Amino acid sequence: MAAVYASVDLGGTNIKGALGTESGEILCTDSTPTQSHEGPDAVLERIAGLVNALSQQAGHKPAGVGMGCPGLVDIRNGVTKFFPNLPTQWRDVPVREKLSPRVGCPVYLLNDVRTATLGELTFGHGRSAGTMAFFALGTGIGGGVAVDGKLRLGPLGAAGELGHQTILPDGPRCGCGNRGCLETLASGPAIAAEGVRLMQTGLAPKLFELTAGDASRVTTREMAAAALAGDENVKEAILRAGQYLGIGVSNVVVVLHPDLIVLG
């Protein structure tokens, strides 16, 4: 059988794993809670357990493990540098050194959205594209760029942070320290926060009705329902976030002239 590889997606809530072949055939998948509050060593122990359980299930030992990480990593040395949304921020954790002996094969780290970009380039929409950009839309906005068929990482492995391009120079403060990043204007929490403001100032009666006035229940899903039910101000907020995203995409088009933009 062809070589088998393991893939790990380290998330704030869950660790997801898969075993697959070089051609992209997925053999098995599983997940386990991250429990990131226990610290990096405990999380790495769970990752090792997940990978080993998958290899037992498939009956094949992986030739390597690729790990998508929620932040900045030193890809050359397999060390995490900064995970803004995990406890301790995983500064200078030697993941490769700690994890490789536990799984019995080499371990490689890459930012999770750059990993997704590589996936699109290799197995997804980007297979016929020479140059492409990937926007990951969710709790934050991540990104990745491929130029002439190769993932562009830059000297720090951080090229392609498309969610941190400045859209409004005097806009809201971002977690990265900048102001007016695309992420502060068009991510899920940014859209929901505007919904809360509209509801609490009496400008979103349908949203108030759907959530019984409970700000903690306002999500983009409820906002979409309120907009469809006739809340014009909520609809305007969603469309404005879409405009900001459009500006971000247009900036990338002007700079790269890509064959393809993928929204994930």
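In strand β10, Lys150 is the bridge partner of Val147, where strands and helices are DSSP runs (E of at least two residues for strands, H or I of at least four for helices) numbered from the N terminus. The model is a predicted one, in which local features need pLDDT of at least 70 and side-chain atom pairs count only at pLDDT 80 or more, while totals for chains, interfaces and linings use all residues. Residues are numbered from 1 along each chain as its sequence is written, and side-chain values use heavy atoms, with hydrogens and water left out.

**The sheet**

Strand β10 (residues 150–151) is joined to β9 by two bridges, and these strands run antiparallel; two strands are said to pair if DSSP finds at least two bridges between them. The hairpin of β9 and β10 has two residues between its strands, and Asp148 in the turn has a positive phi of about 55°. On the hairpin formed by β8 and β9, three residues lie between the strands. Strand β8 (residues 132–137) runs antiparallel to β9 and is joined to it by six bridges, with Phe135 standing opposite Gly143 in β9. Between β8 and β11 the pairing is parallel, over four bridges, and Ala133 stands opposite Ile261 in β11.

The pairings are collected here.

| Strand pair | Sense | Bridges |
|---|---|---|
| β8 and β9 | antiparallel | six bridges |
| β9 and β10 | antiparallel | two bridges |
| β8 and β11 | parallel | four bridges |

Taken together, four strands form an open sheet with mixed pairing, in the order β10-β9-β8-β11. Its edge strands are β10 and β11 (260–263), each of which pairs on one side only. Helix α3 (residues 112–123) packs on this sheet, touching β8, β9, β10 and β11, and its direction makes about 45° with that of β9; contact here means heavy atoms within 4.5 Å, and axes are lines fitted to C-alpha atoms, for helices over the stretch in contact, with angles running from 0 to 180 degrees between N-to-C directions. Helix α8 (residues 232–256) also packs on the sheet, touching β8, β9 and β11, and its direction makes about 160° with that of β8. Strand β9 (residues 141–147) is mostly covered, six of its seven residues being buried, that is, under 20% relative accessible area, whereas exposed means over 50% and partly exposed lies in between (1.4 Å probe, protein chains only).

Which residues of helix α2 (residues 95–103) are buried? They are Val95, Leu99, Ser100 and Val103. These residues lie on the same side of α2 because they cover an arc of only 110° around the axis, the arc being that of the directions from the helix axis to the C-beta atoms. Glu97 and Pro101, on the other side of α2, are exposed. The cover over the buried residues of α2 includes α1 (40–58), β4 (65–69), β6 (79–82) and β7 (107–111). Just after α2, Gly104 takes a positive phi of about 75°.

Helices α1 and α2 pack at an angle of about 35°, with their axes 9 Å apart. The residues making this contact include Leu44, Ile47 and Ala48 of α1 and Leu99 and Val103 of α2.

**Cores**

In soluble globular proteins, nonpolar side chains tend to be buried together. In this model the largest nonpolar core has 28 residues, and those with the most contacts inside it are Ile47, Met67, Trp90 and Leu99; such a core is a set of buried Ala, Val, Leu, Ile, Met, Phe, Trp, Tyr and Cys residues joined through side-chain atoms within 4.5 Å. The elements giving two or more residues to this core are β1 (4–10), β2 (14–21), α1, β4, α2 and β7, and the largest share, seven residues, comes from α1. Leaving aside neighbours within four places in sequence, Leu99 is in contact with Leu44, Ile47, Ala48, Met67 and Val107. Apart from this core lies another, of 26 residues, among them Ile141, Val145, Leu162 and Met199.

**Two single residues**

Gln165 lies in the loop between β10 and α4 (182–186), and it counts as buried because its relative accessibility is 16%. Not counting residues up to four places away in sequence, Gln165 touches Phe135, Gly180, Cys181, Leu182, Gly248, Asn251 and Val252.

Ala224 is placed in helix α7 (residues 220–228), and with 33% relative accessibility Ala224 counts as partly exposed. Its C-alpha atom is separated by 7.9 Å from that of Ile238, 14 residues apart along the chain.
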